Amino acid sequence: MDIFEFYRKDRWPHVFCPGCGNGTVMNCFFRAFNEAGLSLDNTVFVGGIGCSSRVPLYINSDALHTTHGRAIAFATGLKLAKPGLKVVVFTGDGDLGAIGGNHFINGCRRNVDMTVICINNNIYGMTGGQASITTPHDFQSTTTPYGNKEYPFDLAEIAVAAGANYVARWTTRQVHELTKSMKSALQKRGFALVEVVSQCPTNFGRRNKMADPSQMLEWFKSNTVRRDKAKSAELDHVDLNLAGQITVGEFVDRNRECYEELIGVEKHG
Amino acid sequence: MTIPPGEYFVQGNDACVEGALASGVKFFAGYPITPSTEIAEGLAQRLKGQNGVFLQMEDEIACISAVIGASWGGAKAMTATSGPGFSLMQEAIGYAAMSETPVVLVNVMRGGPSTGQPTKASQGDVMQTKWGSHGDYQVIAFAPATVQEMFDLTVECFNYSEKYRVPAFLLSDAEVGHMRGLLRVPEKLNVIDRKEMGIRRTDEAYDVPDDLVKPFPVFGKGHKAIITGMTHTETGRIEPEDSKVHSDLVRRLNEKVLRNRKDINKWEMIGEGSKTMIISYGSSALGAKEVATKDPNVGLLRLKSIWPLPEEPIAQAARGAQRILVCEMNLGQLFFSIKRVAQDAGCKQVELLSKLGGEPPTPSEVRHKLRSMGAV
Amino acid sequence: MKPVINPKLCKGCNICVYICPKKCYTKGTDISEMGYFNAVVSFPEKCYNHNREGKLICELCVLSCPDQAISWHPETEEEKKK
């Protein structure tokens with residue numbers, strides 16, 4: 001399949017800024033979807049609100065573009081009402097972890113079969129660069145002009161603790177590993193989360209001395225530590241700070257029974 | 001199994017459960033809240049046998065979101081809540097209106113604002129139902145006054161929400177929800193299903209033109225549907241900057257309900273043409289009904305549907321009347337709309353009997369108020 | 001195969017210039033129709049996939065390009081000889 005059979009060519013060029021990581025994620029997702037051998041007509045893409053959540057609108061399939069933060073709740077209803085469909089959620093850090101945090105942890109807990117791609121750009125990009133729950137400590141944004149005094153959330157670790165079946169994190173610098181993890185997530189039954197730490201040169205990089213997207217990719221490259229190579233539990237924890245590190249890799253891969261199996265909804269047809 | 005035809009003695013909330021099952025509900029997402037919890041409990045028990053899904057979500061926002069998702073999955077879906085939960089749901093209700101999703105919400109109203117009176121009745125959410133979410137949109141709302149109507153109007157909620165692709169509300173209250181009474185389940189029910197894209201419509205069910213209510217795209221059938229709450233064209237392309245697209249869309253969403261008022265509105269008229277008319281709805285109409293049935297000089301217009309506002313029956317009641325009394329369990333919500341219509345129709349004296357605190361106005365309170373108006 | 005940049009899609013972010021391990025790309029100097037300084041494939045013969053058919057390797061540029069502007073095209077006979 002050509003990439004523009006997968007995406008809606010008539011909507012190109014897309015709305016994302018030059019150098020935005022969303023486009024990179026779209027490339028990797030297309031490859032993973034293709035390799036997983038899934039059918040477009042049988043897949044519904046759900047998005048919330050934000051830059052990342054615009055991705056479903058570009059995919060040549062059914063899309064449900066929902067309200068801010070509630071994508072997982074919408075996807076839960078959709079999946080349980082029509083269990084034959086494959087449901088993929090595109091979401092961002094603010095959408096998933098801040099306004100939708102409750103639905104996120106309960107989604108992991110409930111373990112309904114869906115694939116969640118979270119594009120974490122450490123900022124509220126679409127509204128112009130406000131601090132988000134993953135903005136690293138002491139970084140600048142329009143709402144933290146004196147530096148962000150809060151500490152960031154670790155979305156992948158939360159998902160592991162809450163009970164998701166598959167959790168992985170990569171940055172947009174590791175495109176091949178990212179593609180592989182997306183494929184595994186798409187093939188996994190149950191709640192699967194792939195968090196992609198992505199660059200927002202326009203609103204994050206520009207205020208943090210990384211206005212050039214390649215500077216941000218270099219930041220990712222020099223600060224990522226592979227989870228399997230992290231030496232201690234202390235190193236295992238993500239800091240997302242220039243002085244700290246971004247832990248990447250597969251966080252969990254297990255086979256807890258998913259919700260629709262438990263309630264026997266699959267038998268309904 | 002749906003309830004077999006016959007006569008039953010049940011609680012209002014249980015009648016609502018039976019009505020929903022009889023209309024073919026396949027998905028319910030709920031969160032415990034007094035006084036609507038019996039509906040969730042009832043459906044948790046009964047949906048499994050109907051190949052349906054019951055889901056207890058983490059909050060009311062998740063409930064309505066899951067219900068909208070399920071509706072796009074092709075299931076008839078509903079949720080039930082009360083005041084505080086209803087407030088949380090408002091954003092998604094606007095989404096359902098904008099994305100033209102059929103959903104049914106049962107709001108068993110309780111005393112507000114805030115936590116208020118969880119176990120007591122009120123009609124404080126009437127305006128919130130119509131205006132709660134931001135932007136211009138229309139909804140369909142019914143107000144049951146008896147156990148029987150909890151059943152009948154739940155069925156109507158499903159029918160009209162599927163027919164016009166709008167969120168439909170059953171505005172019950174703690175009084176009707178917890179009332180026990182006679183439920184007569186008819187042999188045959190009129191159940192309307194959605195008009196799916198690519199399927200020829202059945203003429204009997206749809207009397208509205210295609211340009212107002214679009215056929216329903218179905219997920220997983222290659223329709224490549226884009227469902228969004230953003231301003232969009234007919235093909236689903238988002239055009240938030242285009243003023244004409246926005247104006248056309250919002251006007252159509254409102255028109256499709258307003259132009260079909262005749263089809264949607266339901267009411268009961270007693271003593272039409274009386275010089276004194278009472279207009280009321282829901283459980284606050286019960287006391288007024290007793291007065292109107294006993295006193296030949298007093299008439300009653302009981303609104304079974306309140307949104308879109310039944311202007312025709314109100315004007316009809318006002319035309320021959322010298323005075324109108326509106327009974328509500330709030331500080332006057334529908335009163336001002338009724339007053340506008342009644343005064344346009346030529347009735348000068350329109351007054352309000354408002355009762356707060358949890359109990360509907362009693363017949364003696366209604367009579368007392370009528371006396372002070374110079375009616376009896 | 002050689003990478004080709006579609007000038008109608010490229011937004012000139014220069015990620016390809018940064019990411020290519022073989023330094024095939026250089027920053028552009030001419031402004032495109034879209035109003036960006038598009039990157040240029042200056043040294044396609046350095047690419048890992050030069051004269052390669054079938055399954056390609058590396059592909060960092062194609063996978064990383066945020067605007068889906070880079071695609072693989074067969075080389076001409078003349079380019080193959082380089």
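Residues are numbered from 1 along each chain as its sequence is written, and chains are lettered from A in the order in which they are written. This is a predicted model: local features need pLDDT of at least 70, side-chain atom pairs count only at pLDDT 80 or more, and totals for chains, interfaces and linings use all residues.

Start with strand S5 of chain B, residues 103–111. Strands here are DSSP E runs of at least two residues, and helices are H or I runs of at least four, numbered from the N terminus. Nine of the nine residues of S5(B) are buried, so the strand is largely enclosed by the rest of the structure. Buried means 20 or more other C-beta atoms within 10 Å of a residue's own, with C-beta atoms placed from the backbone.

Now its partners. Strands pair if DSSP finds at least two bridges between them. S4(B), residues 77–81, runs parallel to S5(B), with four bridges. Met78(B) stands opposite Val104(B) there. Seven bridges join S5(B) to S8(B), residues 167–173, also in parallel. Leu105(B) faces Phe169(B) in that pairing. S6(B), residues 117–121, pairs antiparallel with S5(B) over two bridges. Gly111(B) has Gln117(B) as its bridge partner.

Next, the contact between chains. Residues count as in contact if their C-beta atoms, placed from the backbone, lie within 7 Å. Chain B gives 37 residues and chain A gives 29. On the side of chain B, H3(B) gives the most, with nine residues.

S2(A), residues 62–65, runs parallel to S10(B) over three bridges. Leu64(A) has Ile227(B) as its bridge partner.

Note on methods. A residue is buried if 20 or more other C-beta atoms lie within 10 Å of its own, exposed if 12 or fewer, and partly exposed in between; C-beta atoms are placed from the backbone. Two residues are in contact if their C-beta atoms, placed from the backbone, lie within 7 Å.
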